[in-house]
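Thanks for taking a look at this one with me. Please keep the sequence and the model side by side as you read.

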Amino acid sequence: MRDALIRALRDAVRTGRLAPGTRLPSSRSLAADLGMARNTVADAYGELVAEGWLTARQGSGTRVAERVVPPEPAPPRTPPAAAVPATRPTYDLRPGQPDVSAFPRSAWLSAARRALTAAPNDAFGYGDPAGRPELRRALAGYLARARGVRAAPERIVVCAGFVQGLALLSRVRAKAGHHAVGVESYGLNVHWNVIRGAGLRTVPLPVDQRGARTAELDRLPGLRTVLLTPAHQFPTGVSLDPDRRAAVVDWASRVGGLVLEDDYDGEFRYDRQPVGALQGLDPEHVVYLGTASKSLAPALRLAWMVVPDHLMDDLLAVKGTGEWQSGALDQLTLAEFIDSGAYDRHVRGMRMRYRRRRDQLVAALAERAPRVRVTGIAAGLHAVLRLPPGTERSVVQGAAWQNLALEGLSRYRYRERREPDGPGPAQGEEPDVLPDALVFAYGTPPDHAFTGALEALCRVLP
Ligand SMILES: Cc1ncc(COP(=O)(O)O)c(C=O)c1O
């Protein structure tokens, strides 16, 4: 009865039925009216006085507190009709996520069970912002073996996705007095915005059929940081030309610069051994960033950085203000998943699955859309389909009418006006705007939907 009375009085004050300053009946008379014990009413009044809803003064009785009662929050607005897609696309073929229907649920669950059973008590407390030692050890071995990364566990920092790693590194660079980061002229706007969110400018580096033109870094005198996708440029799908790999590492060691290597899908290369990580060439000037978002699932929010010694303290100082650490139990599970060999098995299985789809795509295009040239297929989970000039917009639009979500290559082009001191195309090289194309994420649909998705794609191609 006491609790019900408290709730009713709070409600009356909140909704304005009891106006500020209103004098309440004495506890004795309210108790008599409600058929309650006087103590129950006095107790409820006492509680509401303590919470600040009522005031009690000698001689003036109990009153509703004189304060502005905030209005009831408005009910959530229904989003405007345009923001809600009328229907979900039948096939969503935009790049971004792997085939999440293939997440290895039972292997993950058994790894989680084993990890939880073996977890020391300290795993349940506040841990090291760098991450769980078990995971850092497991990653050090895996990255050296699979990606040629030179990684001691002490140099690994676990983070909540590549995007968090990029945000942290951007803050570290801004704190150290840097003003800008070079980015590839085709890429993800969301990443450029993360860099800008740390107060840094982004400066585009042209991308052509051999990757980013890293030689142009020399033309940007103040620049000391560059973000690249060397193994499989996103979105064009080319790997960085060996000369350009060497050029960027030379540049970094000459000017004391830093390369941020986004190795988002480095595990998925189909026709030969994966291109090793750039970090292996110069671990003091390259931060390697890997993620579980393509190999397992974006929802895990697990990624890792391999950090040069000289950056480690600054990075952990920034990470310790706000982010602290990723969930320790998922970190332990991933460590167990890697150590038990389940990660390698899963990646191997997925590589075969994606490769099969890629081959199906190439065969289907050769037969059904001979005017379309497929590129960027040596690795990754998406391909670039070169279209006849001037058709990109109409193909994307035509696909939307068929309820097929597809994206054109131009959507990924860096659009901000060039900085006056920005790089221009070098003589004899391709201009910065790449030809009309579609970015087709053959990795995204579940297996059972892939043939249908491919069929739908072929129907909208010229
Ligand atoms: C180019 C690129 N980098 C990085 C990532 C991974 O981001 P995160 O680890 O934050 O999920 C993605 C994911 O789709 C990507 O496309």
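1. A word on the basis. This is a predicted model, in which local features need pLDDT of at least 70 and side-chain atom pairs count only at pLDDT 80 or more, while totals for chains, interfaces and linings use all residues. Residues are numbered from 1 along each chain as its sequence is written, and side-chain values use heavy atoms, with hydrogens and water left out.

2. Domains. The protein chain splits into domain 1 (2-64), domain 2 (100-344) and domain 3 (349-460), with bounds taken from an automatic or database domain assignment. Between the C-alpha centres of domain 1 and domain 3 there are 68 Å.

3. The largest nonpolar core. It has 59 residues, and Leu 334 and Phe 440 touch the most other members. Such a core is a set of buried Ala, Val, Leu, Ile, Met, Phe, Trp, Tyr and Cys residues joined through side-chain atoms within 4.5 Å; buried means under 20% relative accessible area, exposed over 50% and partly exposed in between (1.4 Å probe, protein chains only). Helix 11 (residues 342-368) gives the largest share of this core, eight residues. Because domain 2 (100-344) and domain 3 (349-460) both contribute residues, this core lies between them. Apart from it lies another core of 27 residues, including Val 226 and Leu 409.

4. Four strands form an open sheet in the order 13-14-17-16, with antiparallel pairing. Strands (E, at least two residues) and helices (H or I, at least four) are DSSP runs numbered from the N terminus, and two strands pair if DSSP finds at least two bridges between them. Strand 14 (residues 383-386) and strand 17 (residues 437-440) are joined by four bridges; in one of these strands, strand 17, Ala 437 is the bridge partner of Arg 386.

5. The ligand. Which residues are closest to the ligand? Among the 13 that surround it, the closest are Phe 162, Asp 262, Thr 291, Ser 293 and Arg 301, where a residue is near if one of its heavy atoms lies within 4 Å. A backbone N or O atom of Phe 162 is 2.7 Å from a ligand oxygen atom, and an N or O atom in the side chain of Lys 294 is 3.1 Å from an oxygen atom of the ligand.

6. A loop residue. Val 238 sits in the loop between strand 9 (225-228) and helix 8 (242-255). Val 238 counts as buried because its relative accessibility is 18%.

Notes:
A polar contact is a pair of N or O atoms within 3.5 Å; within protein, one must be able to donate a hydrogen and the other to accept it, and residues adjacent in sequence count only if both atoms are side-chain atoms.
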